[in-house]
Amino acid sequence: GASTLGALAGCGSQLPGSDDDEGREVTPRSTVTSEPDSSVSLTAGAGTIQPGPDVSTSNWLYDEQFPGPELRVQEGDVLSVELTNDLEAETTIHWHGVPVPNPVDGVPGVTQEPIAPGETFEYRFRAEPAGTYFYHSHVGLQLDRGLLGPLIVEERDPHVEYDREYVVVLDDYLPDEPQLPSDGGRGGGGMGGGMGGGGMMGDVRPPYDGLLINGRLPEDPQTFGVTEGERIRFRFVNAGSATVFGVRIAGHEMTVTHADGRPVDPVDVDSFAFGAGERYDVVVEATNPGRWFVQADALDGNEPPARAVVEYEGTDGTNTPQVPSSPGDQLQYSDLQAISSLDGVSGSPDRTFDLTLSRGGGQSYTWTIDGQTYPDADPLRIRPGEHVRIRMTNQSPVVHPMHLHGHFFQVGNAVKDTVMVPGHRGQVTLDFHADNPGRWLFHCHNLYHLDAGMARIVKYV
Ligand code: C2O
Ligand code: CU
């Protein structure tokens, strides 16, 4: 509807002078001080999860839940989240995809001091634009210990009609403490191919104990109940740390309606692939009664696929669900056409960065952007109001899902905040409008690559 589109476009158009060449001023998004419409308290602490029958392991959790509690607000609401740190380590929360004011972005040492054990910190921001997001710790490898949860900002006037919705959080699951390969922990031997030998720049992927949908192993899948004739909206979140998931729903086509929360012209597909940090909303018409698997395969791993079950009302719940057949038509980025394109990124850019993504040389486990490892890396300096372009070339054989904090970007005709750069010299160009001053992280959302240096600060000067 018109109000949704207006609000989406508003991000750039309300900024004075952002559209002409004279005034390059943008107004910094300051910390929100108005009374919250919605207040939530979260506690980060050690806890136990039971992802399947007879499986019980210790992880780090929000409110002892895995995934963490779903936060759901209306577009434009002021959300206050008070985080209490009951961990034995420092922590923060990052609101992945939401263009929040810089001071509440949750990047330790960059936008805030990390929250010490025993302390409490309040994040307050206006939840907009509407979309499917998630929140997670931004300290070290804490995300892969379980510190993550969905954040849904509902449209006041959705552009798609649906009768019911389910949030589907995909994750790769590792009990206990994850470690970088160089630390000699789980990451050491036995990880995915190509590590070490003869200058080969292969990847390293932890030997995950399983792939999860909403915290459940495939042996004990969640059931999504549906009624014949309904339109079901599924909000898929790839909250994994190192997995590209390929998603299908047996017996059904999916209509992709949103990419990273941004509305797109509907696209019908049989499957889509997405990297860590990406989200897709799809609508499925319930016209094929029975029991069907929602299945997410690790495209770069060997674990059994994550599964949930779509179960029509009135069907025999003891029948074995159907598995999806061939991948069929797979979504491509080039299929995505944003309903509302970004302001401030038409024409030629004011500033362009050409960046190479690659494994670092030498003995230690590093990943680099243009040969540099974060935090000892030069910031990408930009000015307020600029149209900024980043061109990336991937010199490694593995996918890098690159995520920009604090901004959406245009990639092709899509508007996203996370984009996969394919391996073997894959190239992706993204454009964004420098409309949210601050210091923002730009990084690979493969947590092990991030922790091994694959990040830069985008710094307004
Ligand atoms: Cu999910 Cu730096 O982000
Ligand atoms: Cu990467």
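**Notebook: aromatic rings**

I went through this predicted model for ring pairs, counting rings whose centres lie within 6.5 Å, and the tally came to 13 aromatic pairs.

I opened one of them, Tyr62 with Tyr135: the centres are 5.3 Å apart and the planes make 45°, a tilted pair. I then looked up where the two partners sit in the chain. Tyr62 belongs to strand β2 (residues 55-62) and Tyr135 to strand β7 (residues 131-136), so I have a link between distant parts of the chain, 73 residues apart.

Buried or exposed, I wondered, is tyrosine 62? Tyr62 is buried, because its relative accessibility is 1% and the limit for buried is under 20%. Tyr135 comes out buried too, at 0% relative accessible area.

Then I checked for charges over rings. Arg145 has its charged end over the ring of Trp60, 3.7 Å from the centre. Arg307 lies over the face of Phe293, with 4.2 Å to the ring centre.

Last, I looked at confidence. The chain has a mean pLDDT of 90, and 90% of its residues reach 70 or more. Where does pLDDT stay under 50? I noted residues 1-23, which have 34 contacts in the model beyond four places in sequence. I also noted residues 185-201, again below 50, with 33 contacts beyond near neighbours in sequence.

Technical notes. Residues numbered from 1 in each chain as written. Chains lettered and ligands numbered in written order. Predicted model: local features only at pLDDT ≥ 70, side-chain atom pairs only at ≥ 80, totals over all residues. Heavy atoms only, no water. Phe/Tyr/Trp six-rings, centres within 6.5 Å; stacked < 30°, edge-to-face > 60°. Helix = DSSP H or I, 4+ residues; strand = E, 2+ residues; numbered from the N terminus. Buried < 20%, exposed > 50% of the residue type's maximum accessible area, 1.4 Å probe, protein only. Lys NZ or Arg CZ within 6 Å of the ring centre and 35° of its normal. pLDDT = per-residue confidence, 0-100. Contact = heavy atoms within 4.5 Å.
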